[in-house]
Amino acid sequence: MEEQLKKLELRIQQLEQAKNKKDVWDIISIISSFLIPLSIFVAGYLLSEADRQAQLERQEVEIELAQIKSKVDQAQLVSSFLDALVDENVYKRKLAIKSVLLALPETGAEIVSVISMNDPNQEVQQYATKSLKINEAIQQPEAIQQLYSPRASERMQATTTLSRTAVDESAKVKNILATTLKLMDAKEIDQSALLNTLRILIKSDPEALKKNGSLVKEFITELRSRKLDARTRAYIDALGDRMK
């Protein structure tokens with residue numbers, strides 16, 4: 001009888017141990033079933049974030065290359081206007097100014113800006129200044145809208161156009177900020193477009209930024225309330241530093 005009881009106790013112990021082992025494996029199984037999809041999600045997120053960062057870096061390089069290529073292409077056309085721009089005939093110089101702005105959307109404005117400040121003829125200076133203002137009034141609103149285009153090529157072109165120093169830098173900064181804030185109220189703006197906007201503003205005349213101080217602060221506050229990556233936040237901080 002005692003021997004049978006011992007055998008029974010031993011069997012009970014074996015069953016208890018087996019049960020405990022089963023409970024442990026059940027726990028491990030449950031944890032594993034949770035960790036596997038979680039690890040897949042985390043890995044997918046990290047890969048997606050790395051891919052997005054790579055795309056932003058590629059876009060920065062593309063913008064720089066596009067700007068360089070555009071300047072090279074336009075530089076080749078400048079020589080064809082030089083004679084007319086320095087001609088003794090005032091009418092020819094005026095016509096050349098208008099032609100340069102139409103044919104050279106980037107460098108043309110820089111050339112006419114030099115004429116507006118340095119041409120020996122006061123009439124030509126005034127005409128150049130007026131032409132620049134008209135050109136900016138036409139190009140700026142369209143370029144600001146294109147900053148937020150879904151097409152990368154249009155965003156790059158707009159960034160190049162708006163990065164140039166304007167006759168009225170204060171008005172340019174004001175228009176960019178007002179349009180951006182309005183669009184941000186209406187929809188979610190792509191982060192690469194926000195980066196382009198920040199680059200333009202950082203390169204703008206500090207006095208133009210200070211004249212639009214309330215809009216700049218509103219813009220910075222709005223951006224800081226959003227979930228943005230470290231690079232974009234670094235640009236936001238840089239814009240804030242320009243206001244000091």
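Student: Where in the chain is confidence lowest, and where is it highest?

Tutor: In this predicted model, confidence is lowest in helix α1 (residues 2-85), with a mean pLDDT of 58, and highest in helix α9 (residues 213-224), at 93, where pLDDT is the predictor's confidence in each residue, from 0 to 100. The chain averages 77, and 67% of the residues score at least 70. Local features need pLDDT of at least 70 and side-chain atom pairs 80 or more, while totals for chains, interfaces and linings use all residues. Residues are numbered from 1 along each chain as its sequence is written, and side-chain values use heavy atoms, leaving out hydrogens and water.

Student: What makes up the secondary structure of the chain?

Tutor: Helices (H or I, at least four residues) and strands (E, at least two) are DSSP runs, numbered from the N terminus, and the chain comes to 10 helices and 0 strands.

Student: How do you know that α4 meets α6, and which residues take part?

Tutor: Contact means heavy atoms within 4.5 Å, and Q140, I144 and Q145 in α4 meet K172, N175, I176 and T179 in α6.

Student: What share of the chain counts as buried?

Tutor: Buried means under 20% relative accessible area, exposed over 50%, and partly exposed in between (1.4 Å probe, protein chains only); of the 244 residues, 36% count as buried.
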